[in-house]
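Subject: The structure I promised you

Hi,

Here is the structure I said I would pass on. Have a look at it first, and then read my notes below.

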Amino acid sequence: MPYDPALVAPMREELTRLGVQELLTADEVEQWFADSDGTSLMIINSVCGCAAGQARPSVALALQHAATPNRIATVFAGQDLEATQAARAHFGDIPPSSPSMALFKDGELVHFLPRHRIDSQSAEAIASDLTAAFDRYCAAPSGA
Amino acid sequence: MGLFHDTSDPLHGVTVVIETTGPELWVGRCNRVEPDRVLLFESDCYVDGRTSGSKDEWLKRVAMVGFHPRHPRLELARDQVTSVRPLLDYAT
């Protein structure tokens with residue numbers, strides 16, 4: 001059962017104020033995935049303070065890195081159910097977890113950060129995992 | 001900012017691997033470890049001799065991408081539990 005929207009609003013804003021695009025419907029998710037050029041990060045947000053309480057600050061830290069994805073979007077698990085289901089349909093056979101983050105390059109899933117690599121980690125450690133993936137997949141080729 | 005819960009258990013909210021005295025190996029989100037029980041939310045289980053593939057292969061994949069939460073809530077008697085460790089410890 002979704003939580004009170006007033007309770008969840010600050011958790012949404014913690015990402016949207018960073019410039020992360022919030023997708024509320026399955027149609028919005030499909031439109032976002034339809035543009036598959038370049039690199040894209042999909043964040044599955046969650047109310048769980050144990051894990052998401054560190055995940056959202058980790059995104060803020062990671063977005064200060066030199067290399068970042070071209071596009072970043074989020075859906076809210078347990079709140080925007082159809083949008084979350086639509087996003088997870090693009091994760092192949094990876095089991096659902098929230099919070100989690102999926103990095104795509106040219107439409108291909110290249111890096112996935114499941115909940116268990118978030119829930120016992122500091123925001124700095126999660127950000128380090130993310131930025132390592134950004135360096136690998138989002139950095140401009142040397143000499144470009 | 002987040003929704004916090006009614007326990008200060010250090011493993012609360014952490015995805016853990018639970019080894020047992022039986023053939024079952026559980027993976028799930030720990031709610032709390034108490035003197036007489038361990039409470040998990042959203043767990044999955046490897047059963048030696050029943051689940052396909054080896055336990056190490058199953059655990060390796062779970063540590064890489066996660067698991068399907070087939071059991072919404074599970075209580076394990078503490079005397080059946082031989083270890084409780086974060087799943088992250090199994091990731092390489």
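Let's start with one residue: which residues does A:I43 touch, not counting residues up to four places away in sequence? They are A:L15, A:V20, A:V59, A:I72, A:T74 and A:M101. Two residues count as being in contact if their C-beta atoms, placed from the backbone, lie within 7 Å.

Before going on, please keep in mind that this is a predicted model, in which local features need pLDDT of at least 70 and side-chain atom pairs count only at pLDDT 80 or more, while totals for chains, interfaces and linings use all residues. Residues are numbered from 1 along each chain as its sequence is written, and chains are lettered from A and ligands numbered from 1 in the order in which they are written.

**Chain A as a whole**

Chain A has five helices and five strands, and along the sequence they come in the pattern α-β-α-β-α-β-α-β-β-α. Helices (H or I, at least four residues) and strands (E, at least two) are DSSP runs, numbered from the N terminus. With a radius of gyration of 14 Å, close to the 15 Å that the globule rule gives for 144 residues, chain A is as compact as a globular protein of that length. That radius is taken over C-alpha atoms, and the rule is 2.2 Å times the number of residues to the power 0.38. The C-alpha trace of chain A spans about 50 × 30 × 30 Å along its principal axes.

How much of chain A is buried? The share is 45% of its 144 residues. Here, buried means that 20 or more other C-beta atoms lie within 10 Å of a residue's own, exposed means 12 or fewer, and partly exposed is in between, with C-beta atoms placed from the backbone. Of the contacts in chain A with a separation of 6 or more, 77% are between residues 24 or more positions apart.

In soluble globular proteins, nonpolar side chains tend to be buried together. The largest nonpolar core in this model has 39 residues, and A:I43 is one of those with the most contacts inside it, alongside A:V29, A:M42, A:V75, A:A87, A:M101 and A:L130. Helix α5 of chain A (residues 123-137) gives the most to this core, with five residues. A second, separate core has 18 residues, including B:V16, B:I18, B:V33 and B:W58. A nonpolar core is a set of buried Ala, Val, Leu, Ile, Met, Phe, Trp, Tyr and Cys residues joined through C-beta atoms within 7 Å.

Helix α4 of chain A (residues 81-88) is worth a look too: A:A83, A:T84, A:A86, A:A87 and A:R88 are buried there. Their cover includes α2 (26-34), β2 (39-45) and β3 (71-76) of chain A.

Chain A has an open sheet of five strands in the order β1-β3-β2-β4-β5, with mixed pairing. Two strands pair if DSSP finds at least two bridges between them. The edge strands are β1 (21-22) and β5 (108-113) of chain A, each pairing on one side only. β4 of chain A (residues 100-105) pairs with β5(A) in the antiparallel sense over five bridges, and A:L103 stands opposite A:H111.

Chain B also has an open sheet of five strands, ordered β4-β3-β2-β1-β5, with antiparallel pairing. Its edge strands are β4 (71-77) and β5 of chain B. Five bridges join β1(B) (residues 15-20) to β2(B) (residues 24-33), and a hairpin of three residues connects them. B:T15 stands opposite B:R29 in β2(B). Five bridges also join β1(B) to β5(B) (residues 81-86), again antiparallel. Across that pair, B:V16 stands opposite B:P86, and B:I18 faces B:V84.

**Where the chains meet**

How many residues of chain A are in contact with chain B? There are 20, and they meet 16 residues of chain B. α1 (5-16) and α3 (52-62) of chain A each supply at least two residues of that side of chain A, and α1(A) gives the most, with three.

A:E13 is partly exposed, with 13 other C-beta atoms within 10 Å.

Happy exploring!
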